[in-house]
Amino acid sequence: MVRLTDDALAAARLIAEQRRPGVVVVDGEGRPVTVLPGSQVLRFSVPGYVQEDPSLARVYDEQGGADVCLRNLSGRSVKEVLPPEEKRYELPMVSGEATVLECAATMARLRTPLIVVSDDEEIHGVVTASHLLEVILNASEPRA
Amino acid sequence: MTVSQVLSVVVFVGAYVLIATERVHRVAAALGGAALMLALGLTDGETAFHSLDAGVDWNVVFLLLGMMIIVGVIKQTGLFEYLAIAAAKRAGGRPYAMLVMLVVITAVASAALDNVTTVLLIAPVTFLVCDRLGLNPIPFLIAEVMASNIGGTATLIGDPPNIIIASRSGLSFNDFLVHLAPFVVVLMAVFVVVCRWLFRDAFRYDEKRVAEVMALSEREAIRDRTLLVQSLVVLALVLTGFVLHSTLHVDPSVVALLGAGLLVLVSKVTTEQAIADVEWETLVFFMGLFVMVGALVKTGVIGEVSRALADAVGGEPLLAVMALLVISALLSAIVDNIPYVATMSPIVGELVAAQGGTPQAESLWWSLALGADLGGNATAVGASANVVVLGLAARNGTPISFWQFTRYGIVVAGLSILLAAPYLWLRYFLLA
């Protein structure tokens, strides 16, 4: 989890080093606000002009490409990296009682790579898409 | 005035106001106006679709379609990105030298391609080189879009108003080259010098960051070398066809369609990719406009306006040329120049005919083209390319306000008209 005011670069490092699909963003009181997927971090770090004209991505060498992405993230907060509020992802959340299918349905509907498990503002943890798939596949194995 | 004349003027003015104020989409306004003209019997299907004088000008529609297909394919080659990065490197990262090269590339490209496409291609690479050098991209973008509007004035295919003028007047591609291109070259030279003063605060840079530009590899921007060669060969053939069209007795629209067909045939581009960049909305907008203006012709409104204007300036052709230049520039600064030129073309055609079609009378066409094309630089909404660049700048986090653009635009458009007036006077009156 990261806070809205945390450094965006630190959030990117957390996603990269722990190989997570994204992180849950919480407000000052620790309440979950939204999910920051790795794809959104990339979207923010890749310059808009390269997204407009993808052929420009090829004119950078690897070091130059990494530098330009880092430059866009440095000095930014997590809040700045998030999409504007009206376009922000709905918080994917289920209660601790939710079944595997409920989790899967919520993730599919919101197209999110992770989901927050929470009751009464208390966060129990996070379920990732890969972990959920692992549970589903293992559950079906004995009958296969 | 007859009832049909009053009705046609009311429908036309209503649609024009909707287009100018953008209260409804311009295509809806033009099509709605055309539908009303047909429904009220102010024009008919035969006239609207088959009349050369009062119907849809299919030469304009198909010339635009052909060029849009060709441009859509060229866009996929990465040629512009290559040229712009190579120019920035050749300029050694020095901002003013870079700006000069970028505006010259933009102006030359705009003479052969449409202005909106040109700025769409040049803007992203401008952001890139400015980002590398830590420069504010806004002065570069404003200079480029103005260069695009100036460069587009030089040729028959450079700006949609010129296409309309060519079709209505019967003037050839070479006529535009001979009458407008020399002036545009001079204007570009003046513009480049003026940019040094206009954007003087934008040229401070950190020399240490030049290495970041020099590290860019322009060759990697070329996505498909074979397609690049094919596109350039076809473009060269099309331009040759335009130059020779009056000798070969082939309309420019046919040349453009043949070029588009040839390019799709010889390249591996799919039909879907080839037509992906066709602006169907623009083509439909043109059709609606032509039907509306055609109704004004059919009901005799255009004829009456032309006669009134001819009476007003009958003995003074120079006054007519200067008035048309200034009025066209002023109106094009605040409303879309395409409907303006579509409306004025039949009027100017009748004025030229009334004056016996002399070179002095024909200079009315050049006055209309220069006023309408160059007046678009005056404000942020004066030309489609201006609006597109403002949108791109906002999306990239460097918004350009209306007044930020306009304070430069008024200087450049004003200067352009101040230079165009003596050019028209010298060439068509004093030295004629």
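Which residues of chain B does the UniProt annotation "domain: Citrate transporter-like" cover? According to that unreviewed entry, the domain covers residues 16-371 of chain B; UniProt positions follow the numbering used here, feature names are shortened, and annotations may be inferred rather than shown by experiment.

This is a predicted model, in which local features need pLDDT of at least 70 and side-chain atom pairs count only at pLDDT 80 or more, whereas totals for chains, interfaces and linings use all residues. Residues are numbered from 1 along each chain as its sequence is written, and chains are lettered from A and ligands numbered from 1 in the order in which they are written.

**Stop 1: the annotated span.** Select residues 16-371 of chain B: the span is 77% helix and 0% strand, and its end C-alpha atoms lie 19 Å apart. Helices (H or I, at least four residues) and strands (E, at least two) are DSSP runs, numbered from the N terminus.

**Stop 2: a nonpolar core.** Next, select Ile70(B), Ala84(B), Met292(B) and Leu368(B), which touch the most other members of the largest nonpolar core, a set of 156 residues. Such a core consists of buried Ala, Val, Leu, Ile, Met, Phe, Trp, Tyr and Cys residues joined through C-beta atoms within 7 Å; buried requires 20 or more other C-beta atoms within 10 Å of the residue's own, with C-beta atoms placed from the backbone. Helix 7 of chain B supplies the largest share of this core, twelve residues.

**Stop 3: the contact between the chains.** Chain B contributes 19 residues to the contact and chain A twelve residues; two residues are in contact if their C-beta atoms, placed from the backbone, lie within 7 Å. On the side of chain B that touches chain A, helix 5 (79-90) and helix 7 (115-133) of chain B each supply at least two residues.

Stop 4: Val2(A) stands opposite Val25(A) in strand 2 of chain A.

Stop 5: Finally, select strand 5 (residues 114-119) and strand 6 (residues 122-128) of chain A, which pair in the antiparallel sense over six bridges. Ile115(A) has Val127(A) as its bridge partner in strand 6 of chain A.

Technical notes: Two strands pair if DSSP finds at least two bridges between them. A residue is buried if 20 or more other C-beta atoms lie within 10 Å of its own, exposed if 12 or fewer, and partly exposed in between; C-beta atoms are placed from the backbone.
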